[in-house]
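Thanks for coming, everyone. Please bring the model up on your screens, and we will walk through it together.

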Amino acid sequence: MKTRPGSPGEGSAPPARTTGLPPPAERGATVIPDRVVARIAAQAARTAQSRRAAVPPERGSPEAPSASAAVRIGSVRLHLSMDLPYPTDIPRVCERIQQDVAEKVAQLTGLRVGEVVLTVRRLMTADTSRGRVR
C-alpha cells in the first residue's frame with residue numbers, strides 16, 4: 001500500500017487534535033472500583049489455583065477463591081482466600097499463586113500491586129476410597 005506525503009502512514013507529522021477534546025493530561029483519570037479489581041483478582045486466583053496447585057476448576061469442589069481489594073492512588077492491596085490440595089509444597093504454591101495474580105491484575109488494570117495476602121481456608125485431601133475430595 002502506498003501513502004501520500006502527509007498521510008497518517010508516514011508518521012512525520014503529529015496527528016491532528018480531535019475537536020473538542022482537551023489534551024490527555026487534562027482529561028482526568030480512570031478509576032477502577034475496588035469490587036471490580038477484586039473480581040479480576042478472584043478470577044486470576046481461580047486460574048492460578050488450577051494451574052499451580054493442580055486443583056480442578058470445577059465449581060462444586062473446591063470452593064471458588066474469594067478476593068478483596070483496596071485501591072489507593074495507582075496501587076492496590078489484594079487479599080485472597082482459597083482452598084489448596086494436601087499434600088503440597090504450601091509456601092511455594094502460595095508464592096506462585098500470589099505472583100500470578102499480581103501479574104494478571106497489573107496487566108488488566110494498569111495498577112501497581114503492592115501486596116497480595118493469601119489465606120488458605122482449608123487443605124483438601126483426596127478420599128481415595130470414595131473418589132471424592134474432602
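Start at the N terminus and read the elements in order: α-β-β-α-β-β-β. In total, the protein chain has 2 helices and 5 strands. Keep in mind that this is a predicted model.

Some overall numbers next. The protein chain has 134 residues, and 29% of them count as buried. Its accessible surface is about 9400 Å², and carbon and sulfur atoms account for 52% of that. Now take the contacts between residues at least 6 apart in sequence. Of these, 61% join residues at least 24 apart.

On to the sheet. In what order do its strands lie? The order is S1-S2-S3, in an open sheet of 3 strands with mixed pairing. Strand S1, residues 66–72, and strand S3, residues 112–124, are the edges, and each of them pairs on one side only. From one strand to the next, the twist averages 15 degrees.

S1 and S2 run antiparallel, joined by 7 bridges. S2 covers residues 75–85. S2 and S3 run parallel, and 11 bridges join them.

Here are some pairs to find on screen. Ser66 has Ser81 in S2 as its bridge partner. Ala67 stands opposite Leu80. Ser68 is partnered by His79. Now go back to Ser81 and look towards S3. There, its bridge partner is Thr119.

How enclosed is S2? Of its 11 residues, 9 are buried, so the rest of the structure largely encloses S2.

Ser75 lies in S2. Is Ser75 buried or exposed? Its relative accessible area is 16%, which is under the 20% cut-off, so Ser75 is buried. Leaving out residues up to four places away in sequence, Ser75 touches Ala70, Leu111 and Arg112.

Now the turn just before it. S1 and S2 form a hairpin, with 2 residues between them. Ile73 is in that loop. Its phi is positive, about 40 degrees. Ile73 counts as exposed, because its relative accessibility is 88% and the cut-off is over 50%. Next, find Leu111. Ile73 and Leu111 are 38 residues apart along the chain, yet their C-alpha atoms are separated by 8.8 Å.

Time for the helices. Helix H1, residues 34–52, lies across S1 and S2 and runs at about 135 degrees to S1. Helix H2, residues 90–109, packs on the sheet too, touching S2 and S3. The direction of H2 makes about 140 degrees with that of S3.

Let us check the length of H1. It has 19 residues, and at 1.5 Å a residue they should span 27 Å. The end C-alpha atoms are 26 Å apart, so the two values agree. After H1 comes Ala54, with a positive phi near 55 degrees.

Which residues of H1 are buried? They are Val37, Ala38, Ala41, Ala42, Ala44, Ala45, Arg46, Ala48 and Gln49. Notice the spacing in that list. An α-helix has 3.6 residues a turn, so residues three or four places apart point the same way. And what covers the buried residues of H1? The cover includes S1, S2 and H2.

In soluble globular proteins, nonpolar side chains tend to be buried together. In this model, the largest nonpolar core has 24 residues. The residues with the most contacts inside it are Val37, Val76, Leu78, Ile97, Val101 and Val105. Where do the core residues come from? H1, S1, S2, H2 and S3 each supply at least two.

Not counting residues up to four places away in sequence, Ile97 touches Ala48, Gln49, Arg52, Met82, Leu84 and Leu118. Two of those names, Ala48 and Gln49, were in the buried list for H1.

To wrap up, keep three things in mind. The sheet is open, in the order S1-S2-S3. H1 lies across S1 and S2, while H2 touches S2 and S3. Thanks, and I am happy to take questions.

Definitions and conventions. Residues are numbered from 1 along each chain as its sequence is written. This is a predicted model: local features need pLDDT of at least 70, side-chain atom pairs count only at pLDDT 80 or more; totals for chains, interfaces and linings use all residues. Side-chain values use heavy atoms; hydrogens and water are left out. Two strands pair if DSSP finds at least two bridges between them. Helices (H or I, at least four residues) and strands (E, at least two) are DSSP runs, numbered from the N terminus. Axes are lines fitted to C-alpha atoms, for helices over the stretch in contact, and angles run from 0 to 180 degrees between N-to-C directions. Contact means heavy atoms within 4.5 Å. A nonpolar core is a set of buried Ala, Val, Leu, Ile, Met, Phe, Trp, Tyr and Cys residues joined through side-chain atoms within 4.5 Å. Buried means under 20% relative accessible area, exposed over 50%, partly exposed in between (1.4 Å probe, protein chains only). The expected span of a helix is 1.5 Å times one less than its number of residues. Accessible areas come from the Shrake-Rupley method with a 1.4 Å probe; for residues, only the protein chains shown count as cover.
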